[in-house]
Amino acid sequence: MQLTNGITKTDDWEQRANKVLSHFNYQSPDEIDIYDICWRHGVSVKPLSSEFLEPQIDFDAIKHLRAFSIPKPKARRGIIYISSELDAVEKKILLAEEFCHCYSHYASQLNLDKHSISKMENQAKRMAAYLLMPAIFLKQVYAAAVSEPVLISDIADHFVVTEEFASYRLELTHKHKVDGFALLKERLGSIEWFL
């Protein structure tokens with residue numbers, strides 16, 4: 001979400017994420033359950049192992065991946081395969097990105113050029129950031145920063161994501177690196193550490 005002349009403006013990927021979230025009644029960011037979102041949208045989640053793969057998939061060709069999805073053409077459904085060796089936060093982020101592929105992309109990346117694949121990956125990551133860190137819950141962070149500084153580690157903990165992912169999401173909104181928020185001279189501002 002961007003503020004332009006006092007008017008709230010969202011991009012297409014934020015609108016898509018908000019549309020997905022509109023079917024749920026989450027009251028806090030830790031309630032966002034990506035497994036439930038997948039299930040309600042008809043996206044299956046399976047372990048990334050040879051015993052669960054579709055017969056046409058060559059396990060040796062994909063076993064190095066942490067996750068991948070197979071969207072169903074024009075259905076906003078599909079199958080996500082995800083490594084069971086990931087920690088819960090990594091799994092949540094990757095699952096959100098793969099869900100966004102199933103929800104927004106209809107083509108298999110196996111048949112696309114590197115530019116198209118890169119574009120699709122960026123779109124899925126962007127939508128996942130809006131999905132796991134919606135603007136409505138970012139307002140809670142801004143409100144808390146009025147009382148005391150809020151650092152990126154606090155924000156990541158609040159949303160149950162990694163600091164890197166939280167930084168990425170905040171850059172989408174603020175158009176620069178954000179390491180936290182604090183009140184200075186009665187104005188809320190972002191903090192950026194210089195090393």
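I count two strands as paired if DSSP finds at least two bridges between them. The model I am looking at is predicted.

**Sheet**

With that rule I looked up the strand order. I found an open sheet of three strands, ordered S6-S7-S8, and the pairing is antiparallel. Next I checked the edges. They are S6 (150-151) and S8 (187-191), and each of these strands pairs on one side only.

Then I took the S6 pairing by itself. S6 pairs with S7 (residues 180-184) over two bridges, in the antiparallel sense. Which residue of S7 is the bridge partner of Leu151? I found Gly180 in that place.

**Helix on the sheet**

I turned to H6 and its place on these strands. H6 lies across S6, S7 and S8. Against S7, I read an angle of about 45° for H6.

**Helix pair**

I noted how such pairs are described: by the angle between the two axes and the distance between them. For H6 (residues 135-147) and H7 (residues 152-159), the packing angle is about 140° and the axes are 11 Å apart. H6 is therefore oblique to H7, because only angles over 145 degrees count as roughly antiparallel. I also looked up the hand of the crossing of H6 and H7, and it is right-handed.

Which residues make the contact? From H6 I listed Phe137, Leu138, Gln140 and Val141. From H7 I listed Ile155, His158 and Phe159. I sorted the residues of this H6 and H7 contact by type: five are nonpolar, two are polar and none is charged.

Methods: Residues are numbered from 1 along each chain as its sequence is written. This is a predicted model: local features need pLDDT of at least 70, side-chain atom pairs count only at pLDDT 80 or more; totals for chains, interfaces and linings use all residues. Side-chain values use heavy atoms; hydrogens and water are left out. Axes are lines fitted to C-alpha atoms, for helices over the stretch in contact, and angles run from 0 to 180 degrees between N-to-C directions. Helices (H or I, at least four residues) and strands (E, at least two) are DSSP runs, numbered from the N terminus. Angles under 35 degrees count as roughly parallel, over 145 as roughly antiparallel, 65 to 115 as roughly perpendicular and the rest as oblique. A crossing is left-handed if the near helix is turned anticlockwise from the far one by less than a right angle, and right-handed if clockwise. Contact means heavy atoms within 4.5 Å. Ala, Val, Leu, Ile, Met, Phe, Trp, Tyr, Cys and Pro count as nonpolar, Asp, Glu, Lys and Arg as charged, and the others, Gly among them, as polar.
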